[in-house]
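Colleague: I would like to learn how to read a few features of a protein model. Could we go through them one at a time?
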Amino acid sequence: MPEPVSVNSLASTLQQHLADALTAALPDAGAADPLLRRSDRADFQANGILALAKKLKGNPRELAATVTAALPANDLIKEIEVSGPGFLNITLTDRAITETLAARAADARLGVPYAAQAGTTVIDYAQPNVAKEMHVGHLRSAVIGDAMAKIMEFGGETVIRRHHIGDWGTQYGMLIQYLIEHPHELDHEGGEEAGEAAMSSLDRLYKASRAVFDSDEEFKARSRDRVVALQAGDPETLAHWQRFVDESKIYFYSVFNKLDMEIDDADIVGESGYNDVLEETCRLLEESGVAVRSEGALCVFFDDVKGPDGNQVPLIVKKTNGGYGYAATDLSAVRNRVQDLKANTLLYVVDVRQSLHFKMVFETARRAGWLDTGDGEAKPVHLGFGTVLGKDGKPFKTRAGESVRLVDLLDEAIERATAVVREKNNEKVGLTEAEIVENGAQIGIGAVKYADLSTSAARDYKFDLDQMVSLNGDTSVYIQYAYARIQSILRLSGEAKPAAHPELELAPAERALGLHLDQFAEVLAEVAAAYEPHKLAAYLYQLASHYTTFYAECPVLKAGTPEQVENRLFLCELTARTLHQGLALLGIRTPERL
């Protein structure tokens with residue numbers, strides 16, 4: 001990884017100056033936080049003196065004046081005034097803003113440092129089921145997980161991806177038995193449409209086998225015998241099972257490819273990947289007393305988990321009939337991820353409705369000592385997400401009441417976006433048909449991802465394609481158009497090149513844009529620490545909005561002096577780089593021309 005240039009943000013530099021002044025002026029106060037924040041009355045406002053005055057039983061305005069006097073002369077602060085009951089309103093110098101941005105621009109990483117406490121995170125996301133179509137419910141785990149993996153890696157974290165696909169269970173007895181009796185049901189052509197053909201074959205086979213299973217008792221008995229053979233490791237049965245997995249992967253890859261997401265085969269470790277250790281997991285839980293027998297099942301109980309009747313609701317690790325519950329697989333995965341993969345953090349991007357399950361799994365793992373890393377405890381995190389809703393505010397379904405196929409939804413988004421690109425294309429833009437198609441795909445997929453990522457993960461959100469591909473409002477298209485506009489200006493700049501000029505006075509729109517650009521590193525650190533990609537989406541939308549104001553108020557190529565042209569081109573270029581990097585971390589492309 002390239003070594004980043006250390007760039008202190010304006011806010012952190014100012015924070016340190018104020019903290020030093022507080023210590024110098026008020027030595028009896030001890031360490032004090034200036035409580036600095038952005039303000040609409042100045043660049044920043046410090047509110048910490050109010051709490052200090054209360055602690056020292058002093059007059060806050062007088063204390064504020066004392067602190068102001070203790071600030072040494074420097075190139076950072078242009079003006080500072082005491083306001084209200086003791087607030088400090090602080091305006092920075094134009095030179096400090098431009099010089100800090102120039103330092104960011106000189107770094108390939110825009111001055112974003114690697115996290116001081118980087119470790120290893122195993123992230124569990126994008127978990128479709130074998131032999132079943134992916135529907136809209138699979139969207140959020142894939143999109144949120146992919147973004148968080150990229151953001152954490154950019155911050156220096158070692159990220160191990162895991163796709164815990166559903167590839168084991170009693171339904172495979174039915175599917176395998178039907179395939180043995182109808183051996184050509186999974187035959188199909190290869191080529192570009194292989195993914196769709198694979199899913200069509202799997203879907204057809206599933207429906208046909210289910211119909212026979214429900215109507216033919218003899219077939220049902222043969223299917224149950226086949227489950228026993230599968231679990232016993234019968235070679236022929238396993239070979240057929242593997243064919244279902246392989247066919248499903250062809251389909252999975254086709255969908256993830258459309259989503260512009262890379263999925264590596266080595267990262268797909270499904271439920272079956274833990275079969276060999278399930279019995280050992282159960283034995284260790286029972287021997288340690290973490291799990292106990294209850295009505296023939298192996299269970300873990302919790303004082304704070306009770307049903308409506310007031311009785312404790314257990315986590316069932318092994319069922320009465322000897323079958324393993326999901327908990328056995330999840331706990332075995334925890335053991336593998338902490339003990340073998342050496343994870344410091346376990347991040348699960350799974351539906352918020354699974355919160356109780358993961359709470360019990362995490363607590364069980366903690367009791368069993370399976371979170372112990374040798375020098376501390378691995379941190380398990382459930383990044384739960386809400387439901388995708390239709391325009392009517394109800395779970396997104398087709399008119400027939402079925403789940404919406406993810407592929408259909410993505411195709412429609414691309415179709416709508418391509419229509420928007422084609423409509424906006426003219427002689428000035430000059431896109432070829434191939435470019436229209438490529439941009440349409442990038443904008444359509446970007447729109448779907450952004451709509452998901454711009455909403456706090458735990459909240460439900462309405463899926464509205466008309467709004468998603470709009471050029472107005474909080475959409476990825478608005479941000480992508482801001483980026484493309486900058487690229488157009490840079491292409492038209494001729495001999496003028498972007499260059500920072502700290503000696504120049506900045507217009508209000510330039511200052512607002514510059515101060516927002518300077519926050520990029522701090523926003524990324526906050527997003528990575530709290531697993532909140534929607535805050536990065538919000539930052540990028542605000543950046544595009546600041547740029548739109550700058551573009552309207554500050555002529556770039558027709559600025560008053562050559563130096564001003566260069567400085568404004570510099571602001572344009574740094575904005576474009578920040579938009580490009582930010583959207584890339586969300587898994588969204590930035591077309592050069594729109």
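Modeller: Start with the polar contact: a pair of N or O atoms within 3.5 Å, where within protein one must be able to donate a hydrogen and the other to accept it. Keep in mind that this model is predicted.

Colleague: Which side chain does a polar contact of 2.6 Å join to that of Asp 351?

Modeller: The partner is Arg 353; the polar contact of 2.6 Å runs between the two side chains. Asp 351 itself is found in strand 10, which covers residues 345-351.

Colleague: Is Asp 351 buried or exposed?

Modeller: Buried means under 20% relative accessible area. Asp 351 has 16% relative accessibility, so it counts as buried.

Colleague: Which residues does Asp 351 touch, not counting those up to four places away in sequence?

Modeller: Asp 351 touches His 382, Gly 384 and Phe 385 under that condition.

Colleague: How many bridges pair strand 2 with strand 4?

Modeller: Three bridges, in the antiparallel sense, link strand 2 (residues 44-46) and strand 4 (residues 87-92). Ala 46, for instance, has Leu 88 in strand 4 as its bridge partner.

Notes:
Residues are numbered from 1 along each chain as its sequence is written. This is a predicted model: local features need pLDDT of at least 70, side-chain atom pairs count only at pLDDT 80 or more; totals for chains, interfaces and linings use all residues. Side-chain values use heavy atoms; hydrogens and water are left out. Two strands pair if DSSP finds at least two bridges between them. Helices (H or I, at least four residues) and strands (E, at least two) are DSSP runs, numbered from the N terminus. Buried means under 20% relative accessible area, exposed over 50%, partly exposed in between (1.4 Å probe, protein chains only). Contact means heavy atoms within 4.5 Å.
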